[in-house]
Amino acid sequence: MPNRVIDDIDRKLLSALQSDAHATTEKLSEMAGLSPSPCARRVRMLEKSGVIRAYVAIVDQVKVGLPVSAFASVKLERQREEELDGFSSAVLRWPEVVECYLMTGKMDFLLRVVVKDLEAYETFLKQKLTRLDGVASIESSFALGQVKHAYGLPIGA
């Protein structure tokens with residue numbers, strides 16, 4: 001489906017759904033100023049067009065025993081497409097990596113790795129990250145606390 005233009009009503013619906021994905025059509029229609037049927041149609045269109053990719057449960061990482069967030073900056077020996085793609089493919093297989101970004105600057109990738117403790121991070125490094133061909137260097141930093149983590153995008157109406 002081609003890209004659709006997001007209007008103010010769509011922005012209201014998206015903001016509401018980012019706050020509460022369980023919001024009923026009735027509640028969404030009130031927030032967007034629509035009757036329920038057109039509101040439901042708009043939400044379906046947002047889903048079908050890929051603007052809404054999924055509905056998920058947000059899990060507290062500390063409460064499930066994964067309190068450590070480590071950030072690994074990775075530099076590859078070469079930045080050719082094959083090496084970049086190979087690294088990306090490997091990262092996609094590792095559940096500990098919850099975010100991975102291809103970067104500009106001194107490092108090629110930035111990974112957020114979530115684990116239960118420092119020993120688990122060391123195991124991740126030794127058994128996975130350092131075993132990849134083409135990795136030139138890894139710099140790790142550990143989050144001491146989280147100041148902000150927004151799940152919703154600033155799409156405002």
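Contact here means heavy atoms within 4.5 Å, and in this predicted model the buried residues of helix 1 are in contact, in that sense, with helix 2 and helix 3.

The buried positions of helix 1 are D10, L13, L14, A16 and L17. Viewed down the helix axis, these residues fall within an arc of 165 degrees, so they line one face of helix 1.

The partner helix 3 covers residues 36-48, while helix 1 covers residues 8-19; their axes come within 11 Å and cross at roughly 80 degrees. Helix 1 and helix 3 are therefore roughly perpendicular to each other, since angles of 65 to 115 degrees are counted that way. On the helix 1 side the meeting residues are I9, D10, L13, L14 and L17, and on the helix 3 side they are C39, R42, V43 and L46. Sorted by class, this contact has 7 nonpolar residues, no polar ones and 2 charged ones.

Helix 3 also meets helix 2 (residues 25-32). The axes of helix 2 and helix 3 come within 9 Å, with a crossing angle of roughly 95 degrees. That angle makes helix 2 roughly perpendicular to helix 3. T25, L28 and S29 of helix 2 make the contact with P36, C39, A40 and V43 of helix 3. By class, the residues of the contact between helix 2 and helix 3 comprise 5 nonpolar, 2 polar and no charged.

Q18 lies in helix 1 and is partly exposed, with a relative accessible area of 35%. The C-alpha atoms of Q18 and Y151 are 7.5 Å apart, although 133 residues separate the two along the chain. Once neighbours within four places in sequence are set aside, Q18 is in contact with G152, L153 and I155.

Attention now turns to helix 4, which covers residues 81-92. At 1.5 Å a residue its 12 residues should span 16 Å, and its end C-alpha atoms are 16 Å apart, which agrees. Buried residues in helix 4 are E83, L84, F87, A90 and V91. They cover an arc of only 130 degrees around the axis, which puts them on the same side of helix 4. On the other side, E81, E82 and L92 are exposed.

The loop between helix 4 and strand 2 holds E96. With a relative accessible area of 19%, E96 is buried, the cut-off for that class being under 20%. Not counting residues up to four places away in sequence, E96 touches R112, V113, V114, V115, F124 and K128.

Technical notes: Residues are numbered from 1 along each chain as its sequence is written. This is a predicted model: local features need pLDDT of at least 70, side-chain atom pairs count only at pLDDT 80 or more; totals for chains, interfaces and linings use all residues. Side-chain values use heavy atoms; hydrogens and water are left out. Axes are lines fitted to C-alpha atoms, for helices over the stretch in contact, and angles run from 0 to 180 degrees between N-to-C directions. Helices (H or I, at least four residues) and strands (E, at least two) are DSSP runs, numbered from the N terminus. Angles under 35 degrees count as roughly parallel, over 145 as roughly antiparallel, 65 to 115 as roughly perpendicular and the rest as oblique. Ala, Val, Leu, Ile, Met, Phe, Trp, Tyr, Cys and Pro count as nonpolar, Asp, Glu, Lys and Arg as charged, and the others, Gly among them, as polar. The expected span of a helix is 1.5 Å times one less than its number of residues. Buried means under 20% relative accessible area, exposed over 50%, partly exposed in between (1.4 Å probe, protein chains only). The arc is that of the directions from the helix axis to the C-beta atoms.
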